[in-house]
Amino acid sequence: GFVAQSPLGGYFIMVDWRGVAPSHIKDDVAFARWLISDIGVACIPPSFFYREADRPLVAHMARFAVCKKDETLQAAVRRLERLIK
């Protein structure tokens, strides 16, 4: 349900979360809080990296760090599988 942007390098991947979030989630901060509390996976709300006027451009995105141990990433995948509808 995530739509991922293929990174050209780095330690992060950006995804559009609208395909997996409950309908009451309206922005990246609310999504990040929900994902942590209900699914047990942390992400970074990218709007914090943007000027106030530009934050709506990424309000539907989440930033995941992928510079983790394989075991950590595999555990995150198992938890994120709960989002499959």
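Visitor: Does tyrosine 50 count as buried, exposed or partly exposed?
Guide: This is a predicted model, in which local features need pLDDT of at least 70, side-chain atom pairs count only at pLDDT 80 or more, and totals for chains, interfaces and linings use all residues. Residues are numbered from 1 along each chain as its sequence is written, and side-chain values use heavy atoms, with hydrogens and water left out. Buried means under 20% relative accessible area and exposed over 50%, with partly exposed in between (1.4 Å probe, protein chains only). Because its relative accessibility is 33%, tyrosine 50 is classed as partly exposed.

Visitor: With which residues is tyrosine 50 in contact, leaving aside its neighbours within four places in sequence?
Guide: Tyrosine 50 lies in the loop between helix H1 (28-39) and strand E3 (61-65); helices (H or I, at least four residues) and strands (E, at least two) are DSSP runs, numbered from the N terminus. Contact requires heavy atoms within 4.5 Å. Apart from neighbours within four places in sequence, the contacts of tyrosine 50 are with Arg55 and Val58.

Visitor: How many disulfides are there?
Guide: A disulfide is a pair of cysteine sulfur atoms within 2.5 Å. By this rule, the count is zero.

Visitor: In what order do the elements of the protein run from the N terminus?
Guide: The secondary structure consists of two helices and three strands. From the N terminus on, the order of these elements is β-β-α-β-α.

Visitor: What is the radius of gyration of the protein?
Guide: The radius of gyration is taken over C-alpha atoms, and the globule rule is 2.2 Å times the number of residues to the power 0.38. For 85 residues the rule gives 12 Å, and the protein's value is close to this, so the protein is as compact as a globular protein of that length, with a radius of gyration of 13 Å.

Visitor: What share of the accessible surface belongs to carbon and sulfur atoms?
Guide: Accessible areas come from the Shrake-Rupley method with a 1.4 Å probe; for residues, only the protein chains shown count as cover. The accessible surface of the protein comes to about 5,800 Å², and the share belonging to carbon and sulfur atoms is 56%.
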